[in-house]
Amino acid sequence: MSALKDSNLFQKLGLKHPLIVAPMAGGPSSVELTAAASAAGALGAMGGAYSNGAAIEAFAAQVRERTDKPFSINLFIPHSIPEVAADRVRRAVEATARYRQELELPAPQLAPPYEEDFDGQFETVLRIKPACFSFVFGLLSADHVREAKKAGLPLIGTATTLEESRALEESGVDAITLQGFEAGGHRGIFGAQAADPEIGLRDLLAQCVGTIRVPLIAAGGIMTAADIRAALQAGAQAVQIGTAFLACAEAGTSAPYRKKLLGSPERRTRTTRAFSGRFARGIENRFMNEMDGRSDAILPFPAQNKFTRDMRGASTAKGSSDFLSLWSGTGKGELWQGGAADLIARLFPE
């Protein structure tokens, strides 16, 4: 706990525990989970990347109806999107035609925009003013940093290498989430098409502690109280945990996603571009295994994310995990199915 209190940012937030319950966009980070985590003394977080301004505002209002404790909002940093050539779309359509037939879906109609308007999302965040704003996939622009500082909104960036950490520190963030290769969900690599550095959390912490001056948040493969102690002893000021909360009562994790998580004790995971066009770690399933051999039929991020959305939705509706992005980290430990507050109490028994 002393590591947390030594950090001005976390001291300002007034957290009871040095824990961020990871922002898991697309469902798991529900209003209920975010509020429960914050009420229990951690920092709950909204994964707002797939939500427009109005939806982000409604989410924040519902969290605040449930708790007056601090929470965070997380977004994806936008990048210029290359034009998606017609022949690439054709290959992607052909490669997934049998899946859409199986799921009783019509032929896809893909057109830009492929993601939400970041400026609109960011303006909403400034207006809502959560306890802090976190982001992945790169650097917040200098203009956005100035606006956040003016509003008194603390910033948390995400890094997968020492070089990314240095760039974030120089940009003016207040803390950095160090995302080890073990982490579930999207990899925070700055470049959408860049190779994955594949640096584990222990090595990433060793490289950054003592070099990076802002508080460091450890993420990746953390599931137990022992994992938390190890990360804090290695120099992190806090930890970020996602997978351990996926089966909690308040999580918005879909029924087939839960079934796959709980029915796969080993949770064999790996990284893939199949679902979104960006590297992300999830439990192996049919779509991942079959599409990873068809890299020529996977569109760039975020076009691929929009392109596969109908299949993921239909798979959920049919109760099948075959076509779902089953994001999960490599951490070992029981998936708690009770309340988030009880899990947090177990993670911090002292």
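**Strands, cores and domains: how the terms apply**

Student: Which residue in S3 stands opposite Met-46?

Tutor: That is Ile-73. This is a predicted model, in which residues are numbered from 1 along each chain as its sequence is written, local features need pLDDT of at least 70 and side-chain atom pairs count only at pLDDT 80 or more. Totals for chains, interfaces and linings use all residues, and side-chain values use heavy atoms, with hydrogens and water left out.

Student: What makes S2 and strand S3 a pair, and how do they run?

Tutor: Strands here are DSSP runs of E, at least two residues long, and helices are runs of H or I of at least four, numbered from the N terminus. Two strands pair if DSSP finds at least two bridges between them. S2 and S3 (residues 71–76) are joined by 4 bridges, so they pass, and they run parallel.

Student: How do you know that both faces of strand S2 are covered?

Tutor: Buried means under 20% relative accessible area (exposed is over 50%, partly exposed in between; 1.4 Å probe, protein chains only). On one side of S2 (residues 44–47), Gly-44 and Met-46 are buried, and on the other, Ala-45 and Gly-47 are buried too.

Student: What kind of unit do S2, helix H4 and S3 make?

Tutor: A right-handed β-α-β unit, with H4 covering residues 53–66. Right-handed says that, with the strands pointing away from the viewer, the path from the first strand over the helix to the second runs clockwise.

Student: Why is H3 described as largely enclosed?

Tutor: Because 7 of its 9 residues are buried. Those in H3 are Val-31, Leu-33, Thr-34, Ala-35, Ala-36, Ala-37 and Ser-38. They pack against strand S1 (19–21), S2, H4, S3 and helix H15 (340–347), where contact means heavy atoms within 4.5 Å. Just after H3, Gly-41 takes a positive phi of about 100°.

Student: How many residues does the largest nonpolar core have?

Tutor: It has 93 residues, and among those with the most contacts inside it are Leu-19, Phe-133 and Phe-245. A nonpolar core is a set of buried Ala, Val, Leu, Ile, Met, Phe, Trp, Tyr and Cys residues joined through side-chain atoms within 4.5 Å. Helix H3 (residues 31–39) gives the largest share of this core, 5 residues.

Student: Why does this core lie between domain 1 and domain 2?

Tutor: Both domain 1 (1–78 + 115–251 + 334–349) and domain 2 (81–114 + 268–327) give residues to this core, so it lies between them. The bounds come from an automatic or database domain assignment. Over C-alpha atoms, the centres of the two domains are 26 Å apart.

Student: Is His-186 buried or exposed?

Tutor: Buried: its relative accessible area is 13%, which falls under the cut-off. His-186 sits in strand S7 (residues 185–186).

Student: What makes the polar contact with the side chain of His-186?

Tutor: The side chain of Ser-276, at 2.7 Å. A polar contact is a pair of N or O atoms within 3.5 Å; within protein, one must be able to donate a hydrogen and the other to accept it, and residues adjacent in sequence count only if both atoms are side-chain atoms. The distance of 2.7 Å is within that limit.
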